[in-house]
There are 2 protein chains.
Amino acid sequence: MAQMTGTFTSSRPLHELTACEVGPLLREGRLSVEEYARALISRVQSREPDIHAWAFFDPESILASARKLDSLPPDQRGPLHGLAVGLKDIIDTDDMPTEHNCPIFKGKVPASDAPLVTMLRSAGALIFGKTSTTQLGCSSLGPPTNNPHNADRSPGGSSTGSAAAVADMHVPLAIGAQTAGSVIRPASYCGVVGLKPTWNAVSREGVRIYSISLDTVGFFARSVDDITLLTNIYGLHDDTQPPPGELDFSAARFAVVQSPAWHLAEPATDAALEAAAAALEAAGAEVERLDLPELNPVPQWHATVMAAEARISLLADYGARPHLLDASARAQCEAGQHISRSTYTTAYDGIAALRPTFDALAGRYTAIVTPSATGEAPLLDEVRSTGSPAFNAIWTALRVPVVSLPGLTGPNGMPVGISLVTPRYHEQHLLRVAQSVARVLAPRR
Amino acid sequence: MAQMTGTFTSSRPLHELTACEVGPLLREGRLSVEEYARALISRVQSREPDIHAWAFFDPESILASARKLDSLPPDQRGPLHGLAVGLKDIIDTDDMPTEHNCPIFKGKVPASDAPLVTMLRSAGALIFGKTSTTQLGCSSLGPPTNNPHNADRSPGGSSTGSAAAVADMHVPLAIGAQTAGSVIRPASYCGVVGLKPTWNAVSREGVRIYSISLDTVGFFARSVDDITLLTNIYGLHDDTQPPPGELDFSAARFAVVQSPAWHLAEPATDAALEAAAAALEAAGAEVERLDLPELNPVPQWHATVMAAEARISLLADYGARPHLLDASARAQCEAGQHISRSTYTTAYDGIAALRPTFDALAGRYTAIVTPSATGEAPLLDEVRSTGSPAFNAIWTALRVPVVSLPGLTGPNGMPVGISLVTPRYHEQHLLRVAQSVARVLAPRR
């Protein structure tokens with residue numbers, strides 16, 4: 001299905017290309033941003049009736065932005081020149097509404113871009129639209145988005161549309177945010193790469209607050225290299241730059257951690273974790289089973305902190321216009337009310353004390369290998385529940401970077417992700433490892 | 001100087017009344033909100049040419065809001081009905097610009113109120129305008145505001161106009177935010193009551209981020225009771241409700257803490273701390289001098305965390321339009337670049353580990369008594385520097401509530417505040433203690 005462009009002929013449809021594949025063509029002018037945008041727009045138009053990934057999508061304004069990017073002389077083209085990025089609709093944009101899937105914000109266009117959007121635009125990105133989210137990024141009731149691999153199943157949430165849009169090849173890149181498992185879980189369900197970086201490594205200004213000490217901006221793409229592209233524009237450097245090139249598996253040591261959420265693991269997750277461990281061993285790595293009883297209180301601590309902080313975030317709207325919040329958001333605000341100040345500080349301080357301990361421990365391994373979700377994407381129920389974040393909440397609380405890799409599938413043919421985890425601020429090391437591990441997990445790619 | 005109103009005659013000018021004094025008159029309809037607003041507007045109009053407390057002030061829209069409040073039937077009037085509140089100009093309002101004293105935001109009107117503004121409006125407050133701030137609430141270069149007690153001296157910052165507007169009796173209440181000493185220091189310099197509550201006790205959504213783990217919304221008023229009024233609408237309850245009535249000083253035990261910043265104390269601060277200790281002893285309280293060597297690393301940890309996190313907040317604008325940031329904001333972004341990830345996490349984790357220890361220690365006392373500033377408000381210099389936050393940064397880092405009380409003066413006749421500190425989430429206890437201590441510090445009031 002070759003496509004003809006000005007000077008460029010691809011053997012694959014343009015929408016299938018990753019950011020790293022299409023980026024050089026755009027920067028070098030072998031493909032115009034407008035042509036690329038038209039290809040993606042037509043992909044969205046053919047698929048969106050089944051997927052519903054977008055909360056705001058306006059082809060005319062996309063094309064206007066594309067033409068502006070095309071008019072830039074080559075020496076002014078940024079590292080993301082012309083690359084289409086979807087933004088979770090809790091992220092402020094000054095040229096599109098930011099509606100948070102909540103009637104309070106219906107049609108409201110923020111006065112300024114979130115700084116993370118400013119940085120995307122500075123790098124030349126083509127902001128493609130706003131992706132669907134659960135209400136205010138906090139509700140567990142899903143938007144009308146369907147999983148691209150099977151429309152009867154949930155794409156996960158709360159960064160629902162960001163995961164679905166990347167998986168369904170509407171855009172190569174998307175931004176989301178995670179408070180429990182809102183990036184890693186949808187990445188797993190939709191079979192894409194997801195990165196939840198270290199907490200506050202990327203500015204969360206202009207991104208709706210849910211639980212301030214947990215909320216973390218995260219990324220979706222279809223390759224690890226594409227995620228690295230995003231981390232570079234956000235300045236996510238490690239203290240020590242990892243060596244270039246492939247990981248030497250014979251010198252690598254992985255710890256497989258079932259985590260305190262293991263009792264929730266379905267057979268698909270059990271099998272995926274075993275398959276990942278076997279693949280790493282087959283590649284020559286040392287693989288150790290690691291029990292971490294220190295993590296046992298973390299799920300409850302996370303739940304306590306999230307509920308108490310959610311109440312702070314929701315209190316104004318809950319007081320002024322509760323009928324405009326959905327049942328899940330209201331219930332969260334009410335639950336937070338029953339958490340005492342001392343229960344909250346005990347949970348908060350407990351997690352905080354564990355962070356340096358965990359960093360030291362995780363630092364002894366190339367990476368920790370752990371599930372991304374309890375199983376395959378669940379069948380959609382009446383309220384479109386987005387699945388369990390149990391396997392993600394622990395790492396969000398510890399604020400460590402997590403990448404979810406696709407490549408494995410469950411008994412229903414749905415993707416099952418595998419998470420790699422490192423100490424805080426080791427994103428570049430993590431992504432280098434992930435790139436090699438991704439090949440081992442999905443050798444046919 | 002009596003003022004006549006519909007059914008109300010005051011022996012004092014209306015602008016001199018505290019919120020608790022004027023509140024019942026407004027709620028009971030003995031004074032219309034419009035009349036009250038007109039009195040304050042005329043106070044602002046006569047004083048503003050000397051004070052410059054306001055970044056946005058529009059009498060017509062204030063009067064329109066006042067008339068709307070007057071039209072509310074008595075049973076729909078909230079606890080802040082008609083009370084005028086100034087908002088630091090880093091707090092989003094959907095009917096006034098939020099300019100952050102930064103050309104990037106010139107004339108920009110946010111699409112939504114910050115939740116803290118929604119809660120004020122829900123309680124019936126009359127939003128009076130936006131108060132001056134240093135750039136983005138982070139710069140050390142002052143806005144054109146003068147100290148109401150002496151126009152040659154700084155009112156402090158970064159919540160400059162909020163402190164000055166309350167001190168100069170333009171409004172009885174104002175909201176600010178503190179990352180190092182941006183509420184407590186200007187409260188001290190301007191001779192008003194300031195409260196920095198526990199971190200994240202009030203939602204900071206829609207309040208510009210400077211250093212996310214330190215920034216804390218705070219309050220200004222001319223009486224402790226007025227501060228309590230604000231804490232009530234924000235739901236700042238303690239786990240245990242303090243007993244009603246006055247503090248029994250004979251059963252009270254205070255710890256005087258000079259803190260690791262003591263080497264910066266000027267004679268005015270030394271004398272004020274001694275005077276406060278003597279006044280508490282004279283009232284019958286036990287007063288202990290407490291050395292806390294555990295706090296010694298906190299100033300450096302605070303500086304590290306603030307600089308590293310400031311860089312995250314400023315990075316987008318620094319990259320895209322550095323010429324629109326002032327020299328102090330630019331310098332902070334640059335300084336953050338030289339802080340390694342491990343230096344940051346060591347500082348962050350060090351503070352986090354100290355918090356429960358400090359809470360337990362502070363909980364043994366009725367309150368800790370400590371300086372609010374290094375001395376009297378400094379003379380304004382060429383760049384209108386806002387003074388040193390050294391005595392505040394420690395408590396901001398520990399996230400504990402701090403109230404600054406006026407009542408003492410320095411050798412130049414300028415106010416010198418005294419801070420009271422308690423464990424996290426003890427705002428109501430702190431304010432009850434502060435109310436009694438305020439009488440002891442300024443017995444003639």
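Q: Is Phe391(B) buried or exposed?
A: Buried: this is a predicted model, and in it Phe391(B) has a relative accessibility of 1%. The cut-off for buried is under 20%, so Phe391(B) qualifies.

Q: And Trp54(B) and Phe57(B), buried or partly exposed?
A: One of each. Trp54(B) is buried at 10% relative accessible area, while Phe57(B) comes out partly exposed at 23%.

Q: Which ring does Phe391(B) pair with, and how?
A: With Trp262(B), edge-to-face, the centres 6.3 Å apart and the planes at 75°. Trp262(B) is in the loop between strand S9 and helix H8 of chain B, and Phe391(B) is in helix H12, so to speak a link between distant parts of the chain, 129 residues apart.

Q: What sits over the face of Trp199(A)?
A: Arg399(A), at 3.7 Å from the ring centre. In chain B, Arg399(B) lies over Trp199(B) at 3.6 Å. Trp199(A) is also in a cluster of ring pairs with Tyr425(A), Tyr344(B) and Tyr348(B).

Q: What about the largest nonpolar core, how many residues?
A: It has 289, and Leu116 and Leu120 of chains A and B have the most contacts inside it. Leu120(B) touches Leu80(B), Ile127(B) and Tyr234(B), among others.

Terms used. Residues numbered from 1 in each chain as written. Chains lettered and ligands numbered in written order. Predicted model: local features only at pLDDT ≥ 70, side-chain atom pairs only at ≥ 80, totals over all residues. Heavy atoms only, no water. Core = buried A, V, L, I, M, F, W, Y, C linked by side-chain atoms within 4.5 Å. Buried < 20%, exposed > 50% of the residue type's maximum accessible area, 1.4 Å probe, protein only. Contact = heavy atoms within 4.5 Å. Phe/Tyr/Trp six-rings, centres within 6.5 Å; stacked < 30°, edge-to-face > 60°. Helix = DSSP H or I, 4+ residues; strand = E, 2+ residues; numbered from the N terminus. Lys NZ or Arg CZ within 6 Å of the ring centre and 35° of its normal. Lists of a residue's contacts leave out its neighbours within four places in sequence.
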